[in-house]
Amino acid sequence: MRARSTTIQGNPQNLDKGIHYVSDRVLPAVMGMDGFIGLSMLADRHSGRCIVTSAWEDTTALQRSAAEVKAMRARAADVLGGPATVDAWTIDVLHRLHPTHPGACTRVTWMRNRPQHLDGMVDAFGMSIVPRLEDLPGFCSVSMLTNHDDGRSTTAVTYDSRDAMQASLDRATELRRDFTRAMGAELVEVATFELVLAQLRVPETV
């Protein structure tokens, strides 16, 4: 499966309008496209930063949607009042313990490694990290996306609430530190968001 993420550094005052645009206009449009299997939107209400990620069955579906999605991306950036950047990913890990509900929050981690090491990272993450995340109170789901061209990866761990996410901080930090060190990866950034939209047709476990 493939994914396209659009990151918009918007104006916090425009955030609700941007959420409504993605929910009311973007989501219905992409749901009618061949090969579409999911869309999520993360938002930081303090900074205005948003990440909209669409998931597709394969590279063909991803590419086929590009032209129409490009126009909607431009409009979303205009509504939110900030520039947009786009990244393409492979969905390597996707595990959901239970569906999310309003108030769910997500901690996102970006890492970089040598491209030839990504397969080993994915295997290790699925076998050693996912089971430990399941033990964290309030855990909902986790995904790991990779870009094999440049060695980048991003993981998103979603919790029932901001309180649950905060309660997991020490343990999650320890797991991330040990994993990054063991894999020889570079930690690029960690950020937290509200999960404002999640429409998934993907399997529970990949």
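How many bridges join S2 to strand S8 (residues 186-200), and in which direction do the two run? Six bridges join them, and the strands run antiparallel.

## Basis of the report

This is a predicted model, in which local features need pLDDT of at least 70 and side-chain atom pairs count only at pLDDT 80 or more, while totals for chains, interfaces and linings use all residues. Residues are numbered from 1 along each chain as its sequence is written, and side-chain values use heavy atoms, with hydrogens and water left out.

Helices (H or I, at least four residues) and strands (E, at least two) are DSSP runs, numbered from the N terminus. Two strands pair if DSSP finds at least two bridges between them. Met41 has Val52 of S3 as its bridge partner. Five residues lie between the strands in the hairpin of S2 and S3, where Gly48 takes a positive phi near 85°.

Buried here means under 20% relative accessible area, exposed over 50%, and partly exposed in between (1.4 Å probe, protein chains only). Eight of the eight residues of S2 are buried, so the strand is largely enclosed by the rest of the structure.

## Nonpolar cores

A nonpolar core is a set of buried Ala, Val, Leu, Ile, Met, Phe, Trp, Tyr and Cys residues joined through side-chain atoms within 4.5 Å. The largest has 25 residues, and those with the most contacts inside it are Val22, Val30 and Leu39. At least two residues of this core come from each of helix H1 (15-31), strand S2 (36-43), strand S3 (49-56), helix H2 (59-64) and helix H3 (66-80). H1 gives the most, with seven residues.

Contact means heavy atoms within 4.5 Å. Not counting residues up to four places away in sequence, Val30 touches Phe36, Leu39, Trp56, Val69 and Met72. Another core, of 23 residues, lies apart from the largest one and includes Met121, Ile129, Val142 and Met144.

Val52, in strand S3, is buried, with a relative accessible area of 14%. Its contacts, leaving aside neighbours within four places in sequence, are Arg4, Ser5, Thr6, Val22, Leu39, Ser40 and Met41. The C-alpha atoms of Val52 and Leu42 are separated by 6.5 Å, and the two residues are 10 apart along the chain.

Ser153 is found in strand S7 (residues 152-159) and counts as buried at 1% relative accessibility. With neighbours within four places in sequence left aside, Ser153 is in contact with residues including Trp89, Trp110, Met121 and Met144.

## Salt bridges

The structure holds eight salt bridges, each a side-chain nitrogen of Lys or Arg within 4 Å of a carboxyl oxygen of Asp or Glu. One of them joins Asp16 to Arg45, with the closest N and O atoms 3.0 Å apart. Asp16 lies in helix H1 and Arg45 in the loop between S2 and S3, so the pair ties together parts that are 29 residues apart in sequence. Asp16 is partly exposed at 45% relative accessibility, as is Arg45 at 40%. A network of salt bridges links Asp16, Arg45 and Glu194.

Asp150 and Arg152 also meet in a salt bridge (2.7 Å, N to O). Asp150 is partly exposed, at 28% relative accessible area, whereas Arg152 is buried, at 18%.
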